[in-house]
Amino acid sequence: MRLKPNLRFFLIVLVLISISLACGIDIDTGNNGTNPPEQASPTDTSQPPADPGQPDQPQTPTDTSPPPATVPPVPPTDTPCEPDSEFVADLNIPDGTLIAPGATFTKSWRIENDGTCTWDSTYTWEQIDSSGNKLLASVLVMPIASTVAPGGTLEITVTLTLSATATVGERYDAFFQMRSPGGDLFGTHPYARIYAAPHAGVCPVGPSGQSLFINTSEKFCFLYPTGYNAYIGATGSSHVNEPPATQGEQILPSVSITNYGSSGGLGTNAWAASMISSWEAPASPAVVTNTEVGGIHAKSAAGLPGIVTVTSVFLVHDGDGWVFTIQPVYSGMPVRTTTALELWEIVRLSFTFYGP
């Protein structure tokens, strides 16, 4: 059957509308007189076309300011501390104290924590010269008994024993030092420095190159150059002299010390005057001056007769009169005189009575 043209046109339009609805296609069905056809807008050439793949971005001006300053890194807060110690004082047993062989005693020091670590029981106080030493601590490694912050001080006491085989007159040392928890020795190393002798007292400690002589029966001591001969002679007098350079009889620079016994109640000035008057040559009186021996007032007489000219020094101590004889003091032996006077100066300044 043939469709009429109008019906056929209606069916075609209906099919096209159905297809456009199903596919989302906009089908221009022609101007039906109600809406004017769309007009194409002219191309805008004032701005470049936007990138279809990116959203529109505002234009940012170029930054010409200098880069920011570099900030130094902050140091770590866990920097390791540095242990250190400093000697402050001996609290007892001064250097040169006389200790009997076989005796036990205590020695104390004060030291300061001048490092940046806090000391506690993990730090130790140790004797560092114990091997073969005749002066030994009863505890060679001793933990610190209290906590000591940097800047604080610590008092340390150790018990020491001098060997019974120690030689009277010899000096003995015991050195100590702190050890850190890491095992390192650090800081000051205080010491105990004593002489072996059977009596209580203190004798001088000299520099390197000087030795100590102790007369334990008369209870005095003095320093003299190491290598010289120091001894007690047959008469009980103490002597120190330069060692002979050659064999044979010669006049050696020397100092002799003799206890003449009771001064009869006289003091130094009166007793010295009586001794000098009995010794000097009437035609050549001695030249007498004031001096000191170990800080004790004494009288010095130059020009007294002898095998060669000597100088004698007189003093009274604890009721006894003492004479120190220096020889040669003689213009005919200038070199030996200089040596004798240098020896006397060492003896004079260091001489010590350590007991009554």
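Before placing any residue, I note that strands here are DSSP runs of E with at least two residues, numbered from the N terminus. I also keep in mind that this is a predicted model.

Entry on S108. I looked up where S108 sits and found its place in strand β3, which covers residues 104–112. Is S108 buried or exposed? Its relative accessibility is 10%, and because buried means under 20%, S108 counts as buried. Leaving aside the neighbours within four places in sequence, I listed the contacts of S108 as D90, L91, N92, I156 and T157.

Entry on aromatic pairs. I then searched the whole structure for aromatic pairs, and the search gave 20 of them. One of these is the pair of W109 and F176, which is tilted, with 5.2 Å from centre to centre and 50° between the planes. This pair links distant parts of the chain, since W109 belongs to strand β3 and F176 to strand β8 (residues 171–179), 67 residues apart. I checked burial for the two partners and found that W109 is buried and that F176 is buried as well.

I next looked at F220 and W322, whose rings form an edge-to-face pair at 5.5 Å centre to centre, with 85° between the planes. Why does this pair tie together parts that are 102 residues apart in sequence? It does so because F220 lies in strand β12, whereas W322 lies in strand β19 (residues 320–327). Both F220 and W322 are buried.

Entry on a charge over a ring. I also looked up R193, which lies over the face of Y191 at 4.2 Å from the ring centre.

Entry on the second largest pocket. I recorded about 160 Å³ of space in this pocket. Its lining is made up of G169, E170, R171, Y195, G206, P207, S208, Q210, S211, L212, L223 and Y224. Which strand gives the largest share of the lining? That share, three residues, comes from β11, while β11 (210–215) and β12 (220–225) each supply at least two residues. By residue type, I divided the lining into five nonpolar, five polar and two charged residues.

Methods:
Residues are numbered from 1 along each chain as its sequence is written. This is a predicted model: local features need pLDDT of at least 70, side-chain atom pairs count only at pLDDT 80 or more; totals for chains, interfaces and linings use all residues. Side-chain values use heavy atoms; hydrogens and water are left out. On a 1 Å grid over the protein atoms alone, a cavity is a set of points where a 1.4 Å probe fits but cannot get out, and a pocket is an open set with protein on both sides within 12 Å along at least five of seven lines; lining residues have an atom within 4 Å of a point. Grid points are joined across faces, edges and corners, and a volume is the space filled by probe spheres set on the points. Helices (H or I, at least four residues) and strands (E, at least two) are DSSP runs, numbered from the N terminus. Ala, Val, Leu, Ile, Met, Phe, Trp, Tyr, Cys and Pro count as nonpolar, Asp, Glu, Lys and Arg as charged, and the others, Gly among them, as polar. Buried means under 20% relative accessible area, exposed over 50%, partly exposed in between (1.4 Å probe, protein chains only). Contact means heavy atoms within 4.5 Å. Rings of Phe, Tyr and Trp (its six-membered ring) pair if their centres lie within 6.5 Å; planes under 30 degrees apart count as stacked, over 60 as edge-to-face and the rest as tilted. A charge sits over a ring if NZ of Lys or CZ of Arg is within 6 Å of the ring centre and within 35 degrees of the ring normal.
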